[in-house]
Amino acid sequence: MRKNISVLSLIVILFCMHIPTNLNATKWIVNVQSFSFTPSSLPNVHLGDTIRWVWINGSHTTTTTAPNIPPGATIWSSPITSAVPSFEYIPAVTGTYNYWCIPHQGMGMVGSFVVSLPPGFAFNLKIFLEGPFDGAAMGTSLSGKGLLPLDQPFGPALPYYGNNSPSWYYTGTEVVDALPADVVDWVLVELRDAPNGASATGATMFARKALFLKPDGSIVDLNGSSTPSVNVSVTQGLFAVIYHRNHVAVMNANPITGSGGVYNFDFTTSSANFYGGTTGCKELAPGVWGMIASDGNADNQVNDFDKIDVWATEAGLSGYLGSDFSVESESNNVDKNTYWLPNLGKSSKVP
Ligand SMILES: [Ca+2]
Ligand SMILES: [Ca+2]
């Protein structure tokens, strides 16, 4: 009994290790009978999947040794008999696995499976917003004052400050029971699949997620810490558009490269990271680049509408306001003079 529990624990641990990268884990059934494994080969197993050998008749084993599986993989050997009618194995390493039945290997009772990374990937993005950026990190005043909404804010009633089609309009159902600690604001990430930036238009979008922005610029899942992921794969090149409700949207200039199912990209280190270069972003501190503040009505430009239809209608108020370009709750002259006026005429370069 104790041994069964420890094996079960190991399986649970291995399974949990791979949940972030395989949301659609599969259980593969291999029938064991005299004298074959059926199917004898499984070419499309993913990390996090389970192989289950099931006894049909006879007295057999499923067995392997170290040279016959990828380096670092755990070996196994189990009887498959009427008394032990099944055995499960969860591969934790990619590569080709060969196994056999000890008494019947000479009769050709062998099998194999090939394990690869699951479809989908995690994306670890870093961006700064001009408004709440203090030279090193972003402030969390809205969160500290209890003003951040629990529902994602990108599906407001229309028109939104006079605009019937905000650039980020999105009716996703993201919601939290309570805000995680240290959140600057919500952001919307839109993923596009295209060979280059110029062709990464809205038509190439394949996923959108409302997520949380942290003071250090990291974009995290709704629990406030996990790296966001999607369950589909990129076939050409990954582009990420980042929207904030009153900053000018940005996109990366060149495809983001991934490794091991994770795509990392830090926008903040150079204007060359942004599609449109220096015209698509703003230098917030020496060598630190981010998103331009003050597109209050979400029409992709910092223009007079942001002063007339947004700022002027809310100046003097506090709350979760489109006119609070500094993203700290107050709508006042600082928002107009420090954030709107210097940015007047700037526009999004997202294709
Ligand atoms: Ca605008
Ligand atoms: Ca403000």
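A: **An open sheet and its surroundings**

Four strands form an open sheet in the order β14-β10-β18-β17, and their pairing is mixed. The edges belong to β14 (229-230) and β17 (258-259); each has a single partner strand, so one side of each lacks a neighbour in the sheet. Strands here are DSSP runs of E, at least two residues long, and helices are runs of H or I, at least four; both are numbered from the N terminus. Two strands count as paired if DSSP finds at least two bridges between them.

This is a predicted model: local features need pLDDT of at least 70, side-chain atom pairs count only at pLDDT 80 or more, and totals for chains, interfaces and linings use all residues. Residues are numbered from 1 along each chain as its sequence is written, while chains are lettered from A and ligands numbered from 1 in the order in which they are written.

β17 pairs with β18 (residues 262-266) in the antiparallel sense, over two bridges. There, Ser-259 stands opposite Val-262 of β18.

Now another strand pair. β4 (residues 50-55) and β7 are antiparallel, with four bridges between them. Trp-53 has Phe-87 of β7 as its bridge partner. In a regular strand, side chains alternate between the two faces of the sheet. β7 (residues 86-89) has a covered face with Phe-87 and Tyr-89, and an uncovered face with Ser-86 and Glu-88.

Most residues other than glycine have a negative phi, and most peptide bonds are trans. The bond from Ser-34 to Phe-35 is cis, with omega near 0°. Phe-35 sits in the loop between β1 (27-33) and β2 (36-38). The bond from Thr-38 to Pro-39 is also cis, with omega near -5°. Pro-39 lies in the loop between β2 and β3 (41-46).

Two residues have positive phi. Ser-294, not a glycine, has phi near 95°. Its loop runs between β20 (288-290) and α3 (304-314). Ser-294 counts as buried because it has 29 C-beta neighbours inside 10 Å. The burial scale is simple: 20 or more other C-beta atoms within 10 Å means buried, 12 or fewer exposed, and in between partly exposed, with C-beta atoms placed from the backbone. Val-327 is not a glycine either, yet its phi is positive, about 55°. Val-327 is in the loop between α3 and α4 (333-340). Val-327 is buried too, with 27 other C-beta atoms within 10 Å.

Step back to the whole chain. It holds four helices and 20 strands. It is divided into domain 1 (2-116) and domain 2 (121-343), with bounds from an automatic or database domain assignment. Their centres, taken over C-alpha atoms, are 45 Å apart. Along the principal axes, the C-alpha atoms fill a box of roughly 85 × 40 × 35 Å. Of the 351 residues, 39% count as buried.

Last, confidence. pLDDT is the predictor's confidence in each residue, from 0 to 100. The chain has a mean pLDDT of 93, with 93% of residues at 70 or more. Over residues 1-21, pLDDT stays under 50.

Key: Two residues are in contact if their C-beta atoms, placed from the backbone, lie within 7 Å.
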